[in-house]
Amino acid sequence: MQHITDPKSGNELSVLGLGCMRFPRDREQTEKLVVEAVAGGINYFDTAYIYGNSEVKLGAALKKHNLRSAIYLATKLPHQKCKTKEDFERIFNEQLQRLETDYIDYYLIHNLTDVASWNRLREIGIESWIGEKKSSGQVRQIGFSFHGSQSSFMELLDIYDWDFCQIQYNYMDENYQAGRAGLKRAHEKGLPVIIMEPLLGGKLATGLPAKALKILRDADANRSPASWALRWLWDQPEVSVVLSGMNSLEQLSDNLITASEARPGMLAPEESAVFAPVVETLRESYKVPCTGCNYCMPCPHGVNIPGCFSSYNARYALGFVAGFTQYVTSANVNDKDKKSIASKCVKCGACEKLCPQHIKIIDSLAAVKRKMEPWWFSPILWLVRKIMS
């Protein structure tokens, strides 16, 4: 495992981190994944208050195997849930309990999108609260994760004395949100930059269209699509830690091999040239830029928004049969009222306010309905449910 030195703290961080949002459902599998990740040299683990029971699973695994002191633990404050300074304390203490620890190494303000959001937190005492936590040692490093415009990111970098930041960045999102310019600016300020969504919700690993896969295989038949995407990131000296939401030992093994070679400038010119045609192919295939982060969920009316979009994109990238099969699955065969499908959207707009990708979800769900729910969809879904009942 390669490491980088956090210039703010001096911590030696593994260049590959484990993103814990997509942990396996089974706790034993999660535990084994965590143990094997540490054994493989990963020492940066990233979770969040809103990631279901991720904090609980991670805390239990770390305690059982006495691994807390072997890693740097990152989790996040859901600032939208905070109306008073007391809310910061209440949520933080709950996180400590879930994680079975008494301190957090890297604490993030989750999904900070603009200066207005930070100013609201300032008004209710976030800066003094952070100061108290850092003075007590309960928070070692303070940062923020970002989903917003590039201009907002640049402003947020200068509005507070941050210790680190986390951005969405991959070869499909090179100029999206903070983008390459934001990455470079944060690096210039001496901040470690943690990368999330390096595989675009897994799409750059397992969701590539055949044409894109052929391009990568022709360049190197022995390298996985995930390895290509990670190498693109580690080629850049401004990238600190790359978070991968690995949920199987096979994924972990593949990523560890790539991480063992990670270094700035690792791509040869002919390798760097591979990405442009892949990006062009992907842009032709994906219709909705959804990463499956689930921030839009739960839908007040039961629509499985990420599932609808994933199926819709698969229809174009992998073919109609694959997309339709996935759509039937996302429709929840146990839901007799079919609430989870795109046609059940009532256009309330609650989801669009929460989407970090700023997707026009209402319009996109209408497009999904047109393409994925032909006249024979209901009879097919009824038949599948009958078979499975």
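Reader: How many Å does helix 3 reach from its first C-alpha to its last?

Author: Helix 3 has 15 residues, where helices (H or I, at least four residues) and strands (E, at least two) are DSSP runs numbered from the N terminus. This is a predicted model, in which local features need pLDDT of at least 70 and side-chain atom pairs count only at pLDDT 80 or more, while totals for chains, interfaces and linings use all residues. Residues are numbered from 1 along each chain as its sequence is written, and side-chain values use heavy atoms, without hydrogens or water.

Reader: Within what arc do the buried residues of helix 3 fall, seen down its axis?

Author: The buried residues (under 20% relative accessible area, with exposed over 50% and partly exposed in between, for a 1.4 Å probe and protein chains only) are Asp-87, Phe-88, Ile-91, Phe-92, Gln-95, Leu-96, Arg-98 and Leu-99. They line one face of the helix, because the directions from the helix axis to their C-beta atoms fall within an arc of 165 degrees.

Reader: Which exposed residues does the face of helix 3 turned away from its buried side carry?

Author: The buried side is covered by parts that include helix 2 (54–64), strand 5 (72–77) and strand 6, contact meaning heavy atoms within 4.5 Å. The face turned away from that side carries the exposed residues Glu-86 and Gln-97.

Reader: Are the rings of Phe-92 and Tyr-107 stacked or edge-to-face?

Author: A search of the whole structure finds 22 aromatic pairs, counting rings of Phe, Tyr and Trp (its six-membered ring) with centres within 6.5 Å, and calling planes under 30 degrees apart stacked, over 60 edge-to-face and the rest tilted. The centres of Phe-92 and Tyr-107 are 5.2 Å apart and their planes stand at 85 degrees, so this pair is edge-to-face.

Reader: How many residues apart in sequence are the parts that this pair ties together?

Author: At 0% relative accessibility, Phe-92 counts as buried, and Tyr-107 is likewise buried at 0%. Phe-92 lies in helix 3 (residues 85–99) and Tyr-107 in strand 6 (residues 104–112), so the pair ties together parts whose separation in sequence is 15 residues.

Reader: Over the face of which residue does Arg-98 lie?

Author: A charge sits over a ring if NZ of Lys or CZ of Arg is within 6 Å of the ring centre and within 35 degrees of the ring normal. Arg-98, one of the buried residues of helix 3, lies at 4.2 Å from the ring centre of Tyr-49.

Technical notes: The expected span of a helix is 1.5 Å times one less than its number of residues.
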